[in-house]
Amino acid sequence: EAELAVLMGRGNMGERLEKAFSRVHYLDFAPSSRDLPGMVRALQRVCRSFEPEVIHSHLFHADLVTMLMPSSGAAKVSTIHTQGFSKADHILTRMIARVVGLLSYRFDAVVPTGEACLRFGQSYRYRRLTSPIDNTAPIPAENNYNPDSRTLLSLARWHPVKGHPVLLDAFRRLLETHPDWTLACVGPGASEDNPDAVQAVR
């Protein structure tokens, strides 16, 4: 059984998450919130009600909250998906990454999802690093998807390292010969609320 705690409120992936987990807890903190003690207390309440054997945190902000939460006896594990930062990354995110690296001894294991992620972890002085586990899936011998589908799905936040402009340019070329195809981009910033995303689509 697996439950999920989301630091923020229910977003556009809520329905998918709720189908994938036994229960989803939305802690309803604003993306700009600096209430770290409140986040730690909220996560503690979730852990007390669920009593997990393993706590897996994902991304720097969640890592920080998980590390600062007093031990409940559950193993704490994190994964590194980041290969590096660009100028587009907020200075606070970089600072949090440094703090997470310094405090990573509080995890039982930190698993890089590739060699580049391992190098990032080493450069930020992460402790308890394991051997990398590639964040990929083997290609099945036979198709396990609907061959009649004409939809491409991109799950990624709007960020320079995610390469949305390259994806959009490639999809424009695809439309020249396959006008019945659709591209769906899902992730923070990949929406009509982001002027840069709207401009890139035009």
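User: Is Phe-85 buried, exposed or partly exposed, and what is its relative accessible area?
Analyst: Happy to start there; this is a predicted model, in which local features need pLDDT of at least 70, side-chain atom pairs count only at pLDDT 80 or more, and totals for chains, interfaces and linings use all residues. Residues are numbered from 1 along each chain as its sequence is written, and side-chain values use heavy atoms, with hydrogens and water left out. Buried means under 20% relative accessible area, exposed over 50% and partly exposed in between, with a 1.4 Å probe and protein chains only. Phe-85 is partly exposed, with a relative accessible area of 24%.

User: Which kind of aromatic pair do Phe-85 and Phe-120 form?
Analyst: Rings of Phe, Tyr and Trp (its six-membered ring) pair if their centres lie within 6.5 Å; planes under 30 degrees apart count as stacked, over 60 as edge-to-face and the rest as tilted. Here the centres are 5.6 Å apart and the planes make 80°, so the pair is edge-to-face.

User: What is the relative accessibility of Phe-120, and which residues share its aromatic cluster?
Analyst: Phe-120 counts as buried, at 4% relative accessibility. One aromatic cluster holds Phe-120 together with Phe-60, Phe-85 and Tyr-124.
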